[in-house]
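Keep the viewer open while you read.

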Amino acid sequence: MEKNLISASKLEEALEYQKKVRVKMGLIAVSEKLLTEEQADKINKRQAQEDKRFGDIAVEQGYLTENQVERLLKLQGNPYLVFVQSMTENGIMTQEEIEKALELYRKETGFTATDIEDLKSGDADRIVPLFIRSDDERSQELAGVAIRTVIRLIDSRIAIGPSEEVEDYEFKDIALQDVKGEHNITLGLSGEENSLLTIASTFAKEEFTKMDLYAFDSVCEFINCVNGLYASALSVEGVSVDMVPPMFYQKGRIKIEGKALVIPLYIKNSRIEIFIAMDTKLNVSV
């Protein structure tokens with residue numbers, strides 16, 4: 001969308017279609033460079049004449065081995081390949097255009113080929129570390145918990161932006177919760193132009209139209225859920241912490257004595273930011 005290769009409506013169309021389809025083995029084989037498009041087309045045409053599976057025909061023709069077919073079957077649920085299929089079958093972008101866009105993205109971000117494979121995997125544990133630029137392991141851990149919880153409870157179709165460390169943070173709408181104990185932690189979610197409604201409405205299973213008291217309560221409960229998960233993980237390590245009731249603020253600034261980690265998330269075309277401050281003092285002014 002940033003490169004004007006597709007519109008927001010076309011992206012949504014592809015994502016909705018993606019929910020309904022199972023990726024075709026031929027597309028996977030071409031993407032993995034095990035077959036050419038011509039070979040895949042030949043197998044597809046033969047399938048129209050014979051009641052045989054794609055993989056069986058590919059083996060009979062000598063295009064693939066049994067082991068390669070088994071590997072392709074495992075890849076059929078890969079979300080990246082399902083997305084590629086939804087884009088190509090709806091005529092939004094060709095596979096060649098998608099691959100060019102992906103290569104442009106790789107060059108602009110400085111990602112390696114291995115990083116791109118991690119992105120394609122759909123595995124949050126492999127993807128999240130690519131975007132978290134912090135030497136603080138605790139902040140990285142909490143960021144991972146927050147993002148995985150968004151994926152599980154809010155929307156699995158998110159995009160993550162590169163994180164940054166800040167000493168001063170301005171916000172329009174923000175919900176914050178402190179965790180006190182052997183580590184002093186602040187976790188927040190912020191947004192502009194009602195973007196936090198994405199979290200509020202989905203988590204509460206109630207449609208909010210503006211960031212009022214009830215919407216903020218829902219966002220605060222979501223943050224409490226994330227911190228609860230993280231506190232449980234810390235307790236396994238023998239680290240004791242207590243959660244303070246969440247608070248929310250509008251139009252203000254946070255001064256940080258050290259540094260805080262900010263991670264952009266894009267959910268349903270809305271941008272929110274995860275705010276994490278670890279073992280440092282904050283001064284919130286509105």
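## Ground rules

This is a predicted model, where local features need pLDDT of at least 70, side-chain atom pairs count only at pLDDT 80 or more, and totals for chains, interfaces and linings use all residues. Numbering runs from 1 along each chain as its sequence is written, and side-chain values use heavy atoms, with hydrogens and water left out.

## The cores

Start with the largest nonpolar core, which has 47 residues. Such a core is a set of buried Ala, Val, Leu, Ile, Met, Phe, Trp, Tyr and Cys residues joined through side-chain atoms within 4.5 Å; buried means under 20% relative accessible area, exposed over 50%, and partly exposed in between, with a 1.4 Å probe and protein chains only. Leu-189, Val-219, Ile-263, Ile-274 and Ile-276 have the most contacts inside this core. Among the elements giving two or more residues to it are helix 10 (137–153), strand 2 (164–181), strand 5 (247–267) and strand 6 (270–278). Helices (H or I, at least four residues) and strands (E, at least two) are DSSP runs, numbered from the N terminus. Helix 12 gives the most, with 10 residues.

Contact here means heavy atoms within 4.5 Å. There's also a second, separate core of 28 residues, which includes Leu-11, Ala-14, Leu-72 and Val-84.

## Helix 11 and its partner

Helix 11 has Leu-197, Thr-198, Ile-199, Ala-200 and Ser-201 as its buried residues, and these pack against strand 3, helix 12, strand 5 and strand 6. Just after the helix, Lys-205 takes a positive phi of about 55°.

On the helix 12 side, look at Ser-218. Ser-218 counts as buried because its relative accessibility is 6%. Leaving aside neighbours within four places in sequence, Ser-218 is in contact with Ile-199, Ala-200, Phe-203, Ala-204 and Phe-208.

## Pro-264

Strand 5 holds Pro-264, which is buried at a relative accessible area of 7%. Not counting residues up to four places away in sequence, Pro-264 touches Ala-159, Ile-160, Gly-161, Pro-162, Ser-163, Arg-271, Ile-272 and Glu-273. Arg-53 is 211 residues from Pro-264 in sequence and 43 Å from it in space, C-alpha to C-alpha.

The largest pocket has a volume of about 2000 Å³. On a 1 Å grid over the protein atoms alone, a pocket is an open set of points where a 1.4 Å probe fits, with protein on both sides within 12 Å along at least five of seven lines; lining residues have an atom within 4 Å of a point. Grid points are joined across faces, edges and corners, and the volume is the space filled by probe spheres set on the points. Of its 43 lining residues, Phe-83, Tyr-105, Ile-158, Ala-159 and Ile-160 are the closest to the centre. Helix 7 gives the most to the lining, with 7 residues. The lining divides into 27 nonpolar, 7 polar and 9 charged residues; Ala, Val, Leu, Ile, Met, Phe, Trp, Tyr, Cys and Pro count as nonpolar, Asp, Glu, Lys and Arg as charged, and the others, Gly among them, as polar.

The second largest pocket contains about 550 Å³ of space. It is lined by 25 residues, with Lys-24, Met-25, Gly-26, Leu-27 and Asn-44 closest to its centre.
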